[in-house]
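I'm opening my notebook to go through this one piece by piece. Here is what I looked up, in the order I got to it.

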Amino acid sequence: MGEVVCVTGAGGFVASWLIKLLLSKGYTVRGTVRQPGDEKNAHLYKLDKASENLTLYKADLLDYDSIHEAISGCNGVFHVASPLPTGPVQNPEARLLTFSVELIEPAVKGTLNVLKASLEAKVRRAIVVSSGAAVTMNPRWPKDRVKDENCWSDKEFQKKMKNWYGLSKTEAESEAMEFGKSTGLDVVRVCPTLVLGPMLQTTANSSSMFLVRQLKEGYESRENKLQKLVDVRDVAEALLLAYEKPEAEGRYICVGHMIMYKDLLDKLKSLYPHYNYPKSYTDGGEEPKMSAEKLQKLGWNCRPLEDTLIDSIEHYKAAGLLE
Ligand SMILES: NC(=O)c1ccc[n+]([C@@H]2O[C@H](COP(=O)([O-])OP(=O)(O)OC[C@H]3O[C@@H](n4cnc5c(N)ncnc54)[C@H](OP(=O)(O)O)[C@@H]3O)[C@@H](O)[C@H]2O)c1
């Protein structure tokens, strides 16, 4: 039997690719899902080696006992699960309380539950999936300085901007860092930017829907801002490196490509001319780039942007998402 690792939120976009990679490397995987029998998790059972080496556990991030049961006896943990907003926010003011319950509490308490169970299980290392949203939203960062792992999103600024998802990730990651410091648990955090690429799961996740919408909606006008993207398969590789490399520590920005929104859409249009692209663009201002240098030093590299875009669009076409 290979090393035993737990992956939370197993049925999701990133976790499914991570589990596929872990199984291919000989790991025995325990995946947590909220509804093991649900059709949306069926793809997991079809992964290579899943019948021998994958077990699904029913667990909710806010139910400590269920998390503890899945993690107890594991050598390592990948905490991937986190609530994501499902669509554009219509009335954030009125939904403030709901957001705090829906997003912030599961993200923060859930992370602490996973880390507490990891400490009790004496795991070798816990990997926490944070986000570029916990890095970039910092208005005080100098405009001429590339954003590296020292850059943290400003929580007060996120509250002001009503970016509840970003706030949930910033809070969860800073709590994870403090938990590691105060208990000695080896916690490594990985911060992916917008994740694209083909899906293994059948229910489209929010970042995939972002790209689908750019091709379908025919927006009148869009802000031309810097887009920071990474392929889901490269995120899975980054998480595995962060787990396996003994020297990995602290935080890793996981960004594959940075491109202005209009240039991205022009690139897509040159590859797939017949979709309903935005009609015009407004100046979205300049923003410092981010650096994946620390992750690259661990041995990470990413595939070309064209591969990600083509594989994504071909997948959406086959799944009927672009009709
Ligand atoms: N996709 C991106 O662009 C992106 C970028 C940066 C960071 N991330 C981070 O990457 C991770 C995975 O995101 P994803 O894109 O793969 O999203 P996803 O497909 O929506 O997966 C999220 C997973 O979290 C689980 N989850 C949510 N609330 C939970 C709870 N209370 N208890 C247990 N499980 C819960 C969901 O389970 P159910 O299926 O039961 O709902 C789902 O499996 C998240 O931490 C996200 O913040 C994603």
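Helices (H or I, at least four residues) and strands (E, at least two) are DSSP runs, numbered from the N terminus.

Ground rules next. I'm looking at a predicted model, where local features need pLDDT of at least 70, side-chain atom pairs count only at pLDDT 80 or more, and totals for chains, interfaces and linings use all residues. Residues are numbered from 1 along each chain as its sequence is written.

**Entry: strand β6**

I looked up who sits beside β6. Strand β5 (residues 125-129) runs parallel to β6, joined by four bridges. Within that pairing, I127 has V188 in β6 as its bridge partner. I also found β6 paired in the parallel sense with strand β10 (residues 251-254), again over four bridges. There, V190 stands opposite Y252 in β10.

Buried has a cut-off: 20 or more other C-beta atoms lie within 10 Å of the residue's own, with C-beta atoms placed from the backbone. I checked both faces, and both are covered: V187, R189 and C191 are buried on one side, V188, V190 and P192 on the other.

**Entry: the three-strand sheet**

I noted an open sheet of three strands, in the order β7-β9-β11, with mixed pairing. β7 and β11 (257-260) are the edge strands, since each pairs on one side only. From one strand to the next, the twist averages 40°; axes are lines fitted to C-alpha atoms, for helices over the stretch in contact, and angles run from 0 to 180 degrees between N-to-C directions.

β7 and β9 (residues 226-231) run parallel, with three bridges between them. Helix α10 (residues 261-271) lies across β9 and β11, at about 95° to β11. Contact here means C-beta atoms, placed from the backbone, within 7 Å.

**Entry: around the ligand**

Which residues come nearest to the ligand? Of the 27 around it, they are G9, G12, S82, N205 and S207; a residue counts as near if its C-beta atom, placed from the backbone, lies within 6 Å. Elements giving two or more residues to this shell are α1 (13-24), α5 (96-120) and β7 (194-196). α1 gives the most, with three.

Note on methods
Two strands pair if DSSP finds at least two bridges between them. Two residues are in contact if their C-beta atoms, placed from the backbone, lie within 7 Å. A residue is buried if 20 or more other C-beta atoms lie within 10 Å of its own, exposed if 12 or fewer, and partly exposed in between; C-beta atoms are placed from the backbone.
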